Amino acid sequence: MGLGSLASRVVRPSSRLLSSQNPRNLVHVRPIVSTTELHNADAASAAQAQVDPAPPPPPRTPVGGARVHFSSPEDAIEVFVDGYPVKIPKGMTVLQACEIAGVDIPRFCYHSRLSIAGNCRMCLVEVEKSPKPVASCAMPALPGMKIKTDTPLAKKAREGVMEFLLMNHPLDCPICDQGGECDLQDQSMAFGSDRGRFTDVKRSVVDKNLGPLVKTVMTRCIQCTRCVRFATEVAGVQDLGMLGRGSGEEIGTYVEKLMTSELSGNVIDICPVGALTSKPFAFKARNWELKSTESIDVTDAVGSNIRIDSRGPEVMRIVPRLNEDINEEWISDKTRFCYDGLKRQRLNDPMIRGADGRFKAVSWRDALAVVAEAAHQVKPEEIVGIAGKLSDAESMIALKDLLNRLGSNNVWCEGNGPQPNADLRSGYIMNSGIAGLEKADVFLLIGTQPRVEAAMVNARIRKTVRATHAKVGYVGPPTDFNYDHQHLGTGPQALVDIAEGRHPFCSILKNAKNPAIIVGAGLFERKDKDAIFSVVENIAEQNNVVRPDWNGYNVLLLNASQAAALDLGLVPESINSVESAKFLYLMGADDVDFEKVRKDAFVVYQGHHGDKGVYRANVILPAAAFSEKEGTYENTEGCTQQTLPAVPTVGDAREDWKIIRALSEVAGLRLPYDSLGAIRSRIKTVAPNLLQVDEREAATFSASIKPESTEKMEMVDFGSTIENFYMTDAITRASKIMAQCSSLLAKK
């Protein structure tokens, strides 16, 4: 209670007394109270503080789980955000300091993975002793800086910026695909004014044609330049740029052309407004109607983390999830847009080919009885099983167990070749890890084209080359890279020259601190692969590629199932098993050379799409796709991850391992597992690393303990493993969007 109010209470009775004694004498008494404390307010507040110290501010949670790492204590500086002290490393911006202090600053142009532009001015804050508001994304934090984010000046500045941004922005929200997940909507609600003063005609901009994937409505563009910086810095294509100035400023391609990058779809995610949206997803759904399921991509061996958005039985779109170790927050266009293949050319019912060559739909009981009878009518050594590119670990161990019970050990996985080396794990995984590639200062790429084989690994290499000016040497057919590289040769002769120290690139490898060798899995299909790998291992040994503190010997796999298949020991007994097979079990395998299959062979095709394998099949067993089942996959760096069912299965389809389990019972060779838990216990006895989900198991032994190869090397040039980036498996070949990409973008 204030001193003035206390004094008035004391004086009031006397005033009442005066008025009662002399009612006509209207005397107004105005109490004036003065104390020594009020004469010296500063001293009084200091004395009060000594008596009652202010409690320390409560600890705050950093925005988005932001973390700081100090390489040394001298690097730390202290700044004050809204009076809250926070320690940050030198060189951090004011915006990053605010995030660590738990204050979310609005922004449009700033993105943590792109260079700083500082052109949207939405992130203005007040800094003590600064005459004007400061753009926090571009201002380095200085020791002792006092930052205020919630003052009237900062609020007024943001309102003014938002008013200018909305000045030319169309009122498209009801028909805009970004509605509901739009940064401009959210920030105009949180930081904008309740009215605008602009009454003139809004400007309009002509839409650009960027291809079949990205839809443009450039009138909505706020010139944040995120897409320009992404294309230039991450995707490595100089397709987009800023044209004109003032109100005539717009983003475009200068000369009209399509956006030709394999990462072009990521501009949809980073665009803060509805200027760049997904063309296949246009006008299909609102984000609040969709059910989200966290899953894994299986179109290549990287295992990018994705979120599948579905509505009812249909997958509506696929967007990336953040995983710093694998795909950061990007995904390739094939991953993002292949989803429409999940509803086309699907196998619904079990089918048997009749005497007239036509397929007839039958019950599961009849189909499995026919398969079991055919399997018992051939010799065990004539039974062969092939797992496809998209097979999960559970189905592969079930297939191996079933064939073993039938007396055959001829089971392998597509892409691993007829004689894979599964003895040493270091010989078929990426030992440095995908994130570990950023530590390398020299890359030697052998028979691999990472831009089409693993777009996210290529993005890491490009990021490293831009950041540290790492050198890249490439041995293989001429191809298109989006970073500087030296083409050292086209075949094994270049490797021999490097191994014998005759090549100019040898000195670069010798002087490297952390050299990385990346070998393409396309070499698995060569007959002289042992000789080639022996030469590569020699190069690794000579140049200190494998050390206790660094393992730069990497193999870049092509398919999602390859690493798990080799871990589980899917290795065939004989090289010519397909030619001699009378009973061929294809579990989603479509890239088998059917010319080699005998005319009288009984072929079972178990899969989810009517692809190449169906045309030769005698019996078709419909299976579930990756979006419809829980399955374990291991990526090229040896990290185990799991898919989760996002939508129900199609028709009468079943999960792969369940089909094999049912078949084993019909054949009288019952497998001992009835649930996912039981089959994973079986996996644990063979490859326990496949149960450590989201963990990367490093290889124990290096290739140095391998015996020398006596095989003769053929001097045949390395070939391209992937001819068409957009069509590599059953799902992408069934996709209409991928077909459009192939016809439009592959022409370049």
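Which residue of strand 5 does Val127 stand opposite? The answer is given under point 3, after an outline of the predicted model.

1. Overall dimensions and composition. This is a predicted model, and the remarks below should be read accordingly. The protein contains 22 helices and 28 strands. Its C-alpha trace extends over about 130 × 65 × 55 Å along the principal axes. Of its 748 residues, 53% count as buried. Among contacts with a separation of 6 or more, 69% are made by residues 24 or more positions apart.

2. Nonpolar cores. The largest nonpolar core comprises 116 residues, and within it the most contacts belong to Val79, Ile88, Phe230, Phe443, Leu445, Val457 and Ile461. Another core, of 47 residues, lies apart from it; Ala564, Ala565, Ala667 and Leu669 are among its members.

3. Five strands make up an open sheet of mixed pairing, in the order 2-1-5-3-4. Its edges are formed by strand 2 (84–89) and strand 4 (134–135), each of which pairs on one side only. Strands of a sheet pair through backbone hydrogen bonds, in either a parallel or an antiparallel manner. Strand 3 (residues 124–127) and strand 5 (residues 146–148) run antiparallel and are joined by two bridges. To return to the opening question, Val127 has Ile147 of strand 5 opposite it.

4. Glu99. This residue belongs to helix 4 (residues 94–100). Is Glu99 buried or exposed? Its relative accessibility is 16%, and because the cut-off for burial is under 20%, Glu99 counts as buried. Apart from residues up to four places away in sequence, Glu99 touches Pro62, Val63 and Arg107.

5. The annotated domain. The unreviewed UniProt entry carries the annotation "domain: 4Fe-4S Mo/W bis-MGD-type" for residues 290–346. Over residues 290–346 the model is 9% helix and 35% strand, with the end C-alpha atoms 23 Å apart. Thr293 is located in strand 10 (residues 291–296). With a relative accessibility of 8%, Thr293 counts as buried. Neighbours within four places in sequence aside, Thr293 is in contact with Ile306, Arg307, Ile308, Leu644, Pro645 and Ala646.

6. Does the end-to-end distance of helix 16 agree or disagree with its number of residues? The 14 residues of helix 16 (residues 529–542), at 1.5 Å a residue, should span 20 Å, and the end C-alpha atoms are 20 Å apart, which agrees. Helix 16 is mostly covered, with 10 of its 14 residues buried. These are Lys529, Ala531, Ile532, Phe533, Ser534, Val535, Val536, Glu537, Ile539 and Ala540. The elements against which the buried residues of helix 16 pack include strand 17 (442–446), helix 14 (492–499), helix 15 (505–511) and strand 20 (515–520). Strand 21 (546–547) and strand 23 (553–556) are also among these packing partners. Just after helix 16, Asn544 adopts a positive phi of about 60°.

7. Phe533. This residue is found in helix 16. Phe533 has a relative accessible area of 4% and is buried. Leaving aside neighbours within four places in sequence, Phe533 is in contact with Val519, Leu523, Phe524, Tyr553 and Val555. The C-alpha atom of Phe533 is separated by 57 Å from that of Met145, a residue 388 residues apart from it along the chain.

8. Helix 20. Which residues of helix 20 (residues 676–686) are buried? They are Leu676, Ile679, Arg680 and Ile683. Viewed down the axis of helix 20, the buried residues fall within an arc of 100°, so they line one face of the helix. The face turned away from the buried side carries the exposed residues Lys684 and Thr685. The cover over the buried residues of helix 20 includes helix 11 (393–405), strand 27 (631–634), strand 28 (640–643) and helix 19 (656–666).

Definitions and conventions: Residues numbered from 1 in each chain as written. Predicted model: local features only at pLDDT ≥ 70, side-chain atom pairs only at ≥ 80, totals over all residues. Heavy atoms only, no water. UniProt positions renumbered as here; feature names shortened; annotations may be inferred. Helix = DSSP H or I, 4+ residues; strand = E, 2+ residues; numbered from the N terminus. Expected span 1.5 Å × (residues − 1). Buried < 20%, exposed > 50% of the residue type's maximum accessible area, 1.4 Å probe, protein only. Contact = heavy atoms within 4.5 Å. Core = buried A, V, L, I, M, F, W, Y, C linked by side-chain atoms within 4.5 Å. Arc of directions from axis to C-beta. Pairing = 2+ DSSP bridges.
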